[in-house]
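Trainee: Could you take me through the charged side chains here, looking closely at how they pair or gather?

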Amino acid sequence: MDSHRDAVGSLTFLVRKVWLNMRSAIGAELKEFGLSTSQYATLMMAEAQPGMSVADVAREVASSRQAANEMLGGLEREGLIERLPNPDDRRSHRIHVTESGRTLLARARVAVDRREAELEAAFAPEQREAARDWLEGVSGACR
C-alpha cells in the first residue's frame, strides 16, 4: 500500500466516512421538514416502489426489521405513509406514500438536491458521473 492509502485508510472506512459526512449534511437540511435521513430515504423508495414490505424497507435502509417497523410507525402516525394489507400474505403489509407524504417529499427533495449540488460543485460533470457509476457498481458487487 502506498503512503497516501495508509493515511486515508481502507476503502470500506473511507466510504463510511463519506456516508457519515453526507448523512450529517443532508440530515441538517431535513430537520426543517421533520425528517431523518432514513425517513427521507424510505419515502423516496416507497414512492418509487409502491407496495414495499417492512422487510424490503429494512434491507434498503440497512436496519433491522424492528427498527424499520418503528420508523414506519412514525411516518404512519404523521400521515406520510399508509400500510395496507398484502393480499398475498396476511401477515405482512405493503407500504404506500400518502398525498401528504408526496407533498412533504417533494419539498424536502428540493432542499436535498440543492445541498447535494453544493457538495458536488467542485467536481466536473464527468467526475460526478464516474463517482455515481462507481458507487452503484460497488453496491451491486456487494449484493
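**Charged side chains in the predicted model**

Mentor: In this predicted model, Glu126, Glu129, Asp133 and Glu136 gather in a patch of negative charge on the surface. Of these, Asp133 has its place in helix 7, residues 125-142, and with a relative accessible area of 48% Asp133 is partly exposed, because it falls between the 20% and 50% cut-offs. Side chains of opposite charge can pair when their charged atoms come close, and the model has 11 salt bridges. One of them joins Arg94 to Asp88, with 3.1 Å from N to O; here Asp88 is exposed at 66% relative accessibility, whereas Arg94, at 27%, is partly exposed. Arg91 and Asp89 likewise meet in a salt bridge, at 3.3 Å from N to O, and in this pair Arg91 is the exposed partner, with a relative accessible area of 74%, while Asp89 is partly exposed at 25%. Within helix 6, which covers residues 99-120, Glu99 and Arg102 lie three residues apart, about one turn of the helix, and they form a salt bridge whose closest N and O atoms are 3.6 Å apart; Glu99 is exposed at 53%, and Arg102 is partly exposed at 34%. A further group is a network of salt bridges that links Glu29, Arg114, Arg115 and Glu118. Glu29 belongs to helix 2, residues 11-30, and counts as buried because its relative accessible area of 15% is under 20%. Beyond its neighbours within four places in sequence, Glu29 is in contact with Ala111, Arg114 and Arg115.

Key
Residues are numbered from 1 along each chain as its sequence is written. This is a predicted model: local features need pLDDT of at least 70, side-chain atom pairs count only at pLDDT 80 or more; totals for chains, interfaces and linings use all residues. Side-chain values use heavy atoms; hydrogens and water are left out. Helices (H or I, at least four residues) and strands (E, at least two) are DSSP runs, numbered from the N terminus. Buried means under 20% relative accessible area, exposed over 50%, partly exposed in between (1.4 Å probe, protein chains only). Contact means heavy atoms within 4.5 Å. Patches are made of residues with over 30% relative accessible area and no salt bridge: like charges are joined within 9 Å, nonpolar side chains (Val, Leu, Ile, Met, Phe, Trp, Tyr) within 5 Å. Accessible areas come from the Shrake-Rupley method with a 1.4 Å probe; for residues, only the protein chains shown count as cover. A salt bridge is a side-chain nitrogen of Lys or Arg within 4 Å of a carboxyl oxygen of Asp or Glu. Lys and Arg count as positive and Asp and Glu as negative; His and the chain ends are not counted. The place of a charge is taken as NZ of Lys, CZ of Arg, CG of Asp or CD of Glu.
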